[in-house]
Amino acid sequence: MPRYPLTDLTAAFALALDMLLRVDRDLLEIVGLSLRVSLSAVGLAALIGLPLGAAVALFRFPGRLAVHALLTAFMGLPPVVVGLIVYLLLSRAGPLGVLGLLFTPAAMIIAQCLLITPIIAALSAQTVADLHEEYDEQLRSLAAGPGQTLVTLLWDGRFRLLTAILAGFGRAVAEVGAVMIVGGNINHATRVMTTAIALETSKGNLALALALGIILIALALGVNLAAMAIRDATRARYG
Amino acid sequence: MLTRRFLLPLLLLPLALALPAGAAERTITVASTTSTENSGLFEYLLPIFQAKTGIEVRVVAVGTGQAIKLAQNGDADVLFVHHKPSEEKFVAEGYGVKRFDVMYNDFVIVGPKADPAGVRGTHDAAAALRAIAEAKAAFASRGDDSGTHKKEQSLWQAAGIDAAAASGQWYRETGSGMGATLNAAAGMGGYALTDRATWISFNNKSDLDLLVEGDKRLFNQYGVVLVNPAKFPHVKAADGQAFVDWLTAPAGQKAIADFHVDGQQLFVPNAGKAGS
């Protein structure tokens, strides 16, 4: 990447704008990987977290309170610790070493997925519990079974659950500790926005690092706006 | 229910995106140090090597201690670091095949322009550290078991000073990479030991100046080792060896000598000279 002297905050904004206007090829690659990794992690985490959260909200099973408490506590999992655990699992010396996944985007997706599944599960548990209260009578009059209740509530709550999913995405795309360890910040292979920002900071390219940070924030904003636009469009048409 | 028709695929789309790993045909993983990465050396060398051999080199740049740990777990094909005793131990314990000298540069002591310890222009690293300790001037240490940190510890020992005892006072262990430690030194107006390559290519020098250089003890030798395929069968021995061979052959040595930042040569190739 080009080198820029540190001047001040405005230099960072100018630089961010400049990189976007020039359509910097390295930048596109890094942005693309960031999106690929974090959206994949969110997709996986939603597949696991939404049903898990709904199950915790709806069903009375032994240890339910403990599971709920764990999910809520794990909303604050330290990314570095998650990265370290995934590293130890995926390392050639670890139990899953034969898969050869360490230092690949797949490893980064796994780490981010572990990081945000509790967030999506805990937030959706709350949403589904609220919905359950609203719809309790209706569901009972339909004599809905537990599986049907879960699916119905998740489906009816899909617009509210978007918030849980976006919270997970925000956490995934912004974390650096986990992807740094399991991805290795390898140029043209596993470098994402956050690890690039850490690298440029350590090179003393503070303006460039900040410019990348501005682009990352803009990116997160764009994803959120897009998700909400889709939600509103579908709600208007089918809601 | 029309929504389900595209909401579900939308949810599954990222999973499909995740599948292609995007790997080139021949790749090796090299565990190396932040100094080689931060200085831009790899960005210069690797395309030359790849053009010649078709092998893509993926560098995981961490401190020497962590790089060795990665290689010991079999998570790299080649180890390229700068702490000879650790590298020799790595080979002796059977983790590596053979160690080769590649290049050297030197460490320097940088510090605030005001230089409260009065070490500017001196050439005795241990004496300079003693002066810094006596002045109780802030010193930013890597504190991360890296090659640079190990060098710094040996210099404190030579100076007869137990710097760790002052940890948290004037002696500040950042526990992070060279660049981050230089950022810290710049921020607190303190001294730091750094390799020359990182220093020259570092862009946030602010009030820092190069103050002490030229002590023989500041010599900084880099070595390369192929991770032992007898220990880790998955190690890409042929391609890894090709990288080791190229680095230590005239072509690679010339490429290292040709690498300049701001008109200065950052590393001096010396394969097969210092011997080991």
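The legends below describe close-up views of a predicted model.

Local features are given where pLDDT is at least 70 and side-chain atom pairs only at pLDDT 80 or more, while totals for chains, interfaces and linings use all residues. Residues are numbered from 1 along each chain as its sequence is written, and chains are lettered from A and ligands numbered from 1 in the order in which they are written.

**View 1. Overall build of chain A.** Chain A has 10 helices and zero strands, where helices (H or I, at least four residues) and strands (E, at least two) are DSSP runs numbered from the N terminus. The C-alpha trace of chain A spans about 70 × 50 × 25 Å along its principal axes. Of the 239 residues in chain A, 46% are buried; a residue is buried if 20 or more other C-beta atoms lie within 10 Å of its own, exposed if 12 or fewer, and partly exposed in between, with C-beta atoms placed from the backbone. Among the contacts in chain A with a separation of 6 or more, 79% come from residues 24 or more positions apart. Two residues are in contact if their C-beta atoms, placed from the backbone, lie within 7 Å.

**View 2. Helices α3 and α5 of chain A.** The axes of α3(A) (residues 64-73) and α5(A) (residues 105-141) come within 8 Å and cross at roughly 125°. Axes are lines fitted to C-alpha atoms, for helices over the stretch in contact, and angles run from 0 to 180 degrees between N-to-C directions. The two helices, α3(A) and α5(A), are therefore oblique to each other; angles under 35 degrees count as roughly parallel, over 145 as roughly antiparallel, 65 to 115 as roughly perpendicular and the rest as oblique. From α3(A), A:His68, A:Leu71 and A:Thr72 meet A:Pro118, A:Ala121, A:Ala122 and A:Ala125 of α5(A). This contact of α3(A) with α5(A) comprises five nonpolar, two polar and no charged residues (Ala, Val, Leu, Ile, Met, Phe, Trp, Tyr, Cys and Pro count as nonpolar, Asp, Glu, Lys and Arg as charged, and the others, Gly among them, as polar).

**View 3. Helices α5 and α6 of chain A.** α5(A) packs against α6(A) (residues 146-156) at an angle of about 120°, with the axes 10 Å apart. On α5(A) the contact is made by A:Val128, A:Leu131, A:His132, A:Tyr135 and A:Leu139, and on α6(A) by A:Thr149, A:Leu153, A:Leu154 and A:Asp156. The residues of this contact divide into six nonpolar, two polar and one charged.

**View 4. Strand β9 of chain B and its partners.** Seven of the nine residues of β9(B) (residues 219-227) are buried, so the strand is largely enclosed by the rest of the structure. β9(B) pairs with strand β3 (residues 78-81) of chain B in the antiparallel sense over four bridges; two strands pair if DSSP finds at least two bridges between them. In β9(B), B:Leu226 stands opposite B:Val78. Strand β4 (residues 96-112) of chain B also runs antiparallel to β9(B), joined by eight bridges, and B:Met103 stands opposite B:Tyr222 in β9(B).

**View 5. A:Thr201 and the side of chain B that touches chain A.** A:Thr201 lies in helix α9 (residues 193-202) of chain A and is buried, with 20 other C-beta atoms within 10 Å. Not counting residues up to four places away in sequence, A:Thr201 touches A:Leu206, A:Ala209 and B:Asn183. In all, 28 residues of chain B are in contact with 32 residues of chain A. On the side of chain B that touches chain A, α1(B) gives the most, with eight residues.
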